[in-house]
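Reader: I have a structure to go through with you. Let us take it in short questions and answers.

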Amino acid sequence: NLAQGDPYRDRGERLQNACNHRTHWMESVWAFAHTMEYQLIPTALGDLLKKLMERWHPRMSRLNIQSHFQAEEETPLALADGRALDQVFTNLVSNALAAMQERGGALAVKVEKIEGAGHRPWVSVSISDTGPGIPPEAREKVFEPFYTTSPQGTGLGLAITKRIVIAHKGKIEVNSFPGGDRKSVV
């Protein structure tokens with residue numbers, strides 16, 4: 001709350017930013033280390049992702065990122081903890097936007113029914129972006145704890161994401177190519 005022009009204002013702001021970064025890092029470490037108990041209930045992933053995209057719309061507009069959302073109408077309900085999957089998709093969308101923030105681009109989210117093991121219907125969610133893509137040497141490491149290419153990152157977002165997906169008996173994979181990435185959660 002220092003006045004404009006106060007010689008300590010800049011130091012105070014840098015200290016506050018450093019504290020916020022450390023708090024975020026510690027919360028990420030705690031979330032990674034903490035075993036969660038999920039409340040699995042039938043969940044419409046299309047509805048969950050539509051709300052998430054609406055939440056991100058103002059930021060995407062500021063970053064000159066076009067969004068495309070598609071959800072098949074006959075997509076089955078997934079047995080899921082909605083709050084946990086919201087975290088999964090928030091992490092994936094946040095990473096996609098960070099990859100495109102310099103020059104804008106497009107983000108596409110698709111929810112569809114696919115055939116799973118035993119011919120049972122599964123729900124697939126694909127999140128694609130037009131960022132620069134993940135370098136080949138990093139693709140194998142993106143889900144490892146504490147691996148990050150971002151100076152602001154903790155390296156735990158995608159590790160937590162993978163842990164949540166596996167706890168839901170799903171799988172996650174990354175396909176990267178020059179000019180974009182696609183992350184699929186099944």
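Reader: In which strand does Ile41 lie?
Author: A note before we start: this is a predicted model. Ile41 belongs to a strand that covers residues 41–43. That strand is β1.

Reader: Which residues lie nearest the centre of the second largest pocket?
Author: This pocket holds about 520 Å³ of space. Its lining is made up of 21 residues. Nearest the centre are Ala78, Leu79, Trp122, His168 and Lys169.

Reader: Which element gives the largest share of the lining of the second largest pocket?
Author: Four elements each supply at least two lining residues: β3 (78–80), α3 (82–100), β5 (121–129) and α5 (157–167). The largest share is four residues, and the element that gives it is β5.

Reader: Which element gives the most to the largest nonpolar core?
Author: This core has 38 residues, and those with the most contacts inside it are Val88, Phe89, Leu92, Leu97, Leu107 and Ile127. At least two core residues come from each of α2 (45–62), β3, α3, β4 (105–115), β5, α5 and β6 (172–177). The top contribution is nine residues, from α3.

Reader: Which residues does Leu97 contact, leaving aside its neighbours within four places in sequence?
Author: Leu97 is among the residues with the most contacts inside the core. In soluble globular proteins, nonpolar side chains tend to be buried together. Beyond its sequence neighbours within four places, Leu97 touches Trp56, Met60, Leu63, Ile65 and Leu107.

Reader: Which residues of α5 are buried?
Author: The cut-off for buried is under 20% relative accessible area. In α5, the buried residues include Leu158, Ala159, Ile160, Thr161, Ile164 and Val165.

Reader: What is the phi of Lys169?
Author: Lys169 follows α5 and sits in the loop between α5 and β6. Lys169 is exposed, at 68% relative accessibility. Most residues other than glycine have a negative phi. Lys169 is not a glycine, yet its phi is positive, about 60°.

Reader: In which loop does His119 lie?
Author: His119 also has a positive phi, near 60°, and is not a glycine. Its relative accessible area is 66%, so His119 counts as exposed. The loop is the one between β4 and β5.

Reader: Why does the salt bridge of Arg55 and Asp86 tie together parts that are apart in sequence?
Author: The side chains of Arg55 and Asp86 meet at 3.2 Å, N to O. Arg55 lies in helix α2 and Asp86 in helix α3, so the pair links parts 31 residues apart in sequence. Arg55 is partly exposed, at 48% relative accessibility. The elements tied are α2 and α3.

Reader: How far apart are the closest N and O atoms of Lys110 and Glu112?
Author: The structure holds two salt bridges, and one of them joins Glu112 to Lys110. Lys110 is partly exposed, at 31% relative accessibility. The closest N and O atoms are apart by 3.7 Å.

Conventions: Residues are numbered from 1 along each chain as its sequence is written. This is a predicted model: local features need pLDDT of at least 70, side-chain atom pairs count only at pLDDT 80 or more; totals for chains, interfaces and linings use all residues. Side-chain values use heavy atoms; hydrogens and water are left out. On a 1 Å grid over the protein atoms alone, a cavity is a set of points where a 1.4 Å probe fits but cannot get out, and a pocket is an open set with protein on both sides within 12 Å along at least five of seven lines; lining residues have an atom within 4 Å of a point. Grid points are joined across faces, edges and corners, and a volume is the space filled by probe spheres set on the points. A nonpolar core is a set of buried Ala, Val, Leu, Ile, Met, Phe, Trp, Tyr and Cys residues joined through side-chain atoms within 4.5 Å. Buried means under 20% relative accessible area, exposed over 50%, partly exposed in between (1.4 Å probe, protein chains only). Contact means heavy atoms within 4.5 Å. A salt bridge is a side-chain nitrogen of Lys or Arg within 4 Å of a carboxyl oxygen of Asp or Glu.
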